[in-house]
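User: Please walk me through this model. I am new to it.

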Amino acid sequence: MDIFRPRTQPPSLSALICFEAAARHESFTAAAEELGLTQSAVSKTIRELEATLGVQLFRRVGRGIKLSAVGRSYAADTTRDLHKLEHSRHRAMLLGQGKHLLRVATLPTFTNLWLVPRLPEFLSTHPEIELEFATRLLPFDLGADSFDLAFHYGLQNWPDTRMIPLFGEEMLPVCTPEFQAAHGLGSPATIYKMRLLHMTSRPRAWSDWFQHAGIHALPPAPGLSFDQYGMVINAALSGLGVALVPRHMVAPELRTNQLIALAPKMPASDTAYYIVHPTGPLSQSAKAFVSWVQGLTAEVKPYGMSAQQKDN
């Protein structure tokens, strides 16, 4: 009998969990250790799953295994489906307790520096809502990944969603008052000579700022580079140089005079922060969260936004 002749019954949940672990490790032994099974039990489960599906999920290479092309595709689908089952289980349990789960895709630095410090207010007024955050940097299918909402920075180009503009980025050069006084910083020409703090994902940020300030002849002075705005801001707070950062990320430091802004600011751009949701009606918990976020952004919304974005 051909062991890869497909059978009609669907795979069991335990078989899918076993396959997901084996696929993730590309090792039956590692999967067995994770699941508390024997290696032979994992191997037997995978053989039965292959027989059920009628495909070869793993290639035997020497004494090890490698996912086949079909197996790699099936592993990605299985991982996503198991995550969705877990989220559904979590939602059901919360509903049984009179609570609601709200899954939000977000941006790490935005969440750490802007959103998290404000969350206690929302949680105190909405104790019935449990929030779950996960990092997503690019547009994706919210429904397929079981997300209710997402924060997005960039253009208004996320298909099959409604994008609600929050605020733009007003890019400001900042440093400590002590650094400013020690170096007599004021004009862009004086900033140009200082150690500059760079964000690696925006290599042209300082060049663009200097061009806007009327300095075109030479590239910006070398400095220190970081891959997160939190690091850039901490470097500025430590007196390491001048940082070019979004105003909303350093609002507390500006209010307390830990950092000071050096003019001029950048003009409005076509990029902004958005809160995004799938087309169709929102749940009551999602409506509450969106309304709360919009209330928070009322004061900063004009910063760095084009006229069209402000009208949306």
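Predicted model: local features only at pLDDT ≥ 70, side-chain atom pairs only at ≥ 80, totals over all residues.

User: How much space lies in the largest cavity?
Analyst: Residues are numbered from 1 along each chain as its sequence is written, and side-chain values use heavy atoms, without hydrogens and water. A cavity is a set of points on a 1 Å grid over the protein atoms alone where a 1.4 Å probe fits but cannot get out; lining residues have an atom within 4 Å of a point. A volume is the space filled by probe spheres set on the points, which are joined across faces, edges and corners, and for the largest cavity this is about 40 Å³.

User: Which element supplies the largest share of the lining of the largest cavity?
Analyst: The lining includes L197, H198, M199 and W206. Strands (E, at least two residues) and helices (H or I, at least four) are DSSP runs, numbered from the N terminus. Helix 9 (205–212) supplies at least two lining residues. The largest share, three residues, comes from strand 8.

User: Which element gives the largest share of the lining of the second largest cavity?
Analyst: This cavity has a volume of about 40 Å³. Among its lining residues are A150, F151 and H152. The largest share, three residues, comes from strand 5.

User: What is the average pLDDT of the chain?
Analyst: At least 70 is the score of 88% of the residues. The chain average is 87.

Conventions
pLDDT = per-residue confidence, 0-100. 1 Å grid on protein atoms, 1.4 Å probe; cavity = no way out; pocket = protein on both sides within 12 Å on 5 of 7 lines; lining within 4 Å.
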